[in-house]
Amino acid sequence: MPYLLRGLTAAAVVASALFVPPALSASAAETLLSQGKPTTASSIEGSGFEAAKAVDGNSSTRWASVEGHDPEWIRVDLGSTASITRVKLNWEAAYGKSYKIQTSADGSTGWTDVFSTTTGNGAVDDLTVSGSGRYVRVHGTARGTAYGYSLFDLEVYGTTGSDPGDTTPPSTPTGLAATGTTSSSVSLAWNASTDNVGVTGYVVYRNGTEVATSPGTTFTDTGRTASTSYTYTVKARDAAGNLSAASNAVTATTQSGGGGGPAVPFGSHQFPYAAGILKPTGSQATLDQKVIDYYQQWKAAFVKQNCGNGWYQIISPDADHPYVAEAQGYGMVITATMAGADPAAKTIFDGLVKYMLAHPSVNNGDLLAAEQNTSCQSVNGSDSATDGDMDVAYGLLLADKQWGSSGTYNYKQLAIKHINAIKASELNPSTNLLTFGDWSTSGDAYWNMSRTSDWMIDHFRAFRTATGDSAWDTIRAKHQSVTTSLQNNYAASTGLLPDFVINTNSSPKPAAGQVLEDPNDGQFWWNACRDPWRIGADAVTSGDSASLTSARKLNTWIKSKAGGNANNIATGYKLNGTAIQTGSDAAFFAPFTIPAMTDSGSQAWLDALWNKMLTTPVDTSSYYAASIQLQVMITATHNHWVP
């Protein structure tokens, strides 16, 4: 049982001088490992109460979490793997009644409890523990007061070095090679190492300096300088912290700045999110690499060249037809965003543009026909679908910012044509709400209906910037006001939106039964499942109060509904929160990640959703779920930006 020393009285101090417990006498040889080390926390009460205050060696400063919220945590990075023998907590009046001390090798997964209590009473907890890890976390689950959690001091003692139970290093990685370059990035790949217990990751070195840890056998080093040579090596690491010998060295030279390298390479984080927006726990490099790894899987499964002509297509095995506009739009946005991480991004994007231009809608030639067959021939009327067109236009704007518009395609000109075509043929001018596609016209049964998942608020902002047309401000505001009205009037306790809205010309309301696709058209179903992501994307990038309010309403409900367990998110809900189907699908659980980022008290919930995505591999039979999850991961790691 750990030894606890709590708030000694004067008499107890005298007595303690006569009897020193074995645990404390043994600590004389221990080293204080935590002082001054990088420290993060789930939240802070405000300026002056940052996580670093708990490890600054000054017992008059402190970390404090937000008040009145569980769970909360503080985590220190010791810098290298250590054998941890003692943790000392000097609580302020706001203490943890139930909390755990946990260790981890990478700070994001594999947390191991080395101490746990449900009877904490504050003051000083001096704990003898036994564990190993680079990261140590105090994870509070129940406060001892009505306030938050607050520590004057978090002290971690032990010795650095490998776990004495495992001193065998992994085998040396082989075959390190540069698989591609841009003007600002180098992509690497190597062969996997083996270990007597198991390899947990690979440390990447650039010019002899550690730059990142990759969980897999690929890595893209972004933010490099054009026309510059870099030399890389890789070492394998196991759970005990043992490092292998260095791999072979490889030298790669980035392309020249005039060679069309992206202006906003993935991982450059040039566009900060709104103040106070969370991100998943872990180093930025690790988070970015998780996205790159998932992107490579997505690309291998869905990016195709099946019809020649220099076309690229995103295949949609789970849709009505092999190629649909929605998938092409996803592909264009994703590929333009991942430029810098994927040296082939511009080639793929231009192939998608060529495909788009070769498949115009029969109603408005500046829009994309919604469906193609296995021969890439447009079918089923050859008309448009609004959601695909929204993303096509947005992807073209991203491409213009990435590569400019003086190459094979004038991306900016194509984008403006597409935006103007959306306004002319996919917008009801009387309601300022989007319609289903250019096949719906004034007077038909669908003219005064709209699909909530088409309401991409950040896209409207980008369209306004690109065109200078103030109508897009009016259109954006109308979609936001109807969102708020639907949440308040039809889903007051959940914030959920329906797949389809009717009566847009009078009092917009959820569809009553099937109006286009399914008997659940009026519920939170296979279209509206994207809404938390779409609403959240604008909230985190713009900080707009309407988007933040809508996102937070969704987050408050789903966090409570799931009990903080991402595995409990069902496949579809009625607007009152009743589950439609059991099971777990990325199209439903992943989008809730983005609203979680808007709540300072939801770090643990955000991490649960993020880790759920990390343990959910790409479903090669569902472009829909995989494409949604990938775009959510991009946004969750602060890599989404609005052109």
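## The disulfide

The structure holds 1 disulfide, a term used here for a pair of cysteine sulfur atoms within 2.5 Å. This disulfide joins Cys-307 to Cys-376, with 2.0 Å from S to S. Cys-307 lies in the loop between strand 16 (303-304) and strand 17 (313-314), and Cys-376 lies in the loop between strand 19 (371-372) and helix 6 (386-403), so the pair ties together parts that are 69 residues apart in sequence. Helices (H or I, at least four residues) and strands (E, at least two) are DSSP runs, numbered from the N terminus.

The link of Cys-307 and Cys-376 is right-handed, with 80° about the S-S bond. Both Cys-307 and Cys-376 are buried, where buried means under 20% relative accessible area, exposed means over 50%, and partly exposed lies in between (1.4 Å probe, protein chains only).

## How the model is read

This is a predicted model, in which local features need pLDDT of at least 70 and side-chain atom pairs count only at pLDDT 80 or more, while totals for chains, interfaces and linings use all residues. Residues are numbered from 1 along each chain as its sequence is written, and side-chain values use heavy atoms, with hydrogens and water left out.

## An open sheet

Strands of a sheet pair through backbone hydrogen bonds, either parallel or antiparallel. An open sheet of 3 strands has the order 9-10-13, and its pairing is antiparallel; two strands pair if DSSP finds at least two bridges between them. Strand 9 (174-181) and strand 13 (218-222) stand at the edges with a single partner strand each, so one side of each is left without a neighbour in the sheet. On average, neighbouring strands of this sheet are turned by 20° against each other, direction ignored; the axes are lines fitted to C-alpha atoms, for helices over the stretch in contact, and angles run from 0 to 180 degrees between N-to-C directions.

Strand 9 and strand 10 (residues 185-191) run antiparallel and are joined by 5 bridges. Ala-178 stands opposite Leu-188 in strand 10.

## Aromatic rings

A search of the whole structure finds 26 aromatic pairs. Rings of Phe, Tyr and Trp (its six-membered ring) pair if their centres lie within 6.5 Å, and planes under 30 degrees apart count as stacked, over 60 as edge-to-face and the rest as tilted. The rings of Phe-436 and Trp-439 have their centres 6.1 Å apart and their planes at 35°, so this pair is tilted. Phe-436 counts as buried at 1% relative accessibility, whereas Trp-439 is partly exposed, with a relative accessible area of 30%.

Trp-526 and Tyr-624 form an aromatic pair that is also tilted, with 6.5 Å centre to centre and 55° between the planes. This pair links distant parts of the chain, 98 residues apart, with Trp-526 in the loop between strand 24 (509-510) and helix 10 (531-542) and Tyr-624 in helix 15 (residues 623-636). Trp-526 is partly exposed, with a relative accessible area of 32%, while Tyr-624 is buried, with a relative accessible area of 9%. Ring pairs link both residues into a cluster, whose members include Trp-533 and Tyr-623.

## Helix 15

Helix 15 has 14 residues and reaches 20 Å from its first C-alpha to its last, close to the 20 Å expected at 1.5 Å a residue; the expected span is 1.5 Å times one less than the number of residues. Helix 15 is mostly covered, with 14 of its 14 residues buried. His-638, whose phi is positive, near 65°, follows helix 15.
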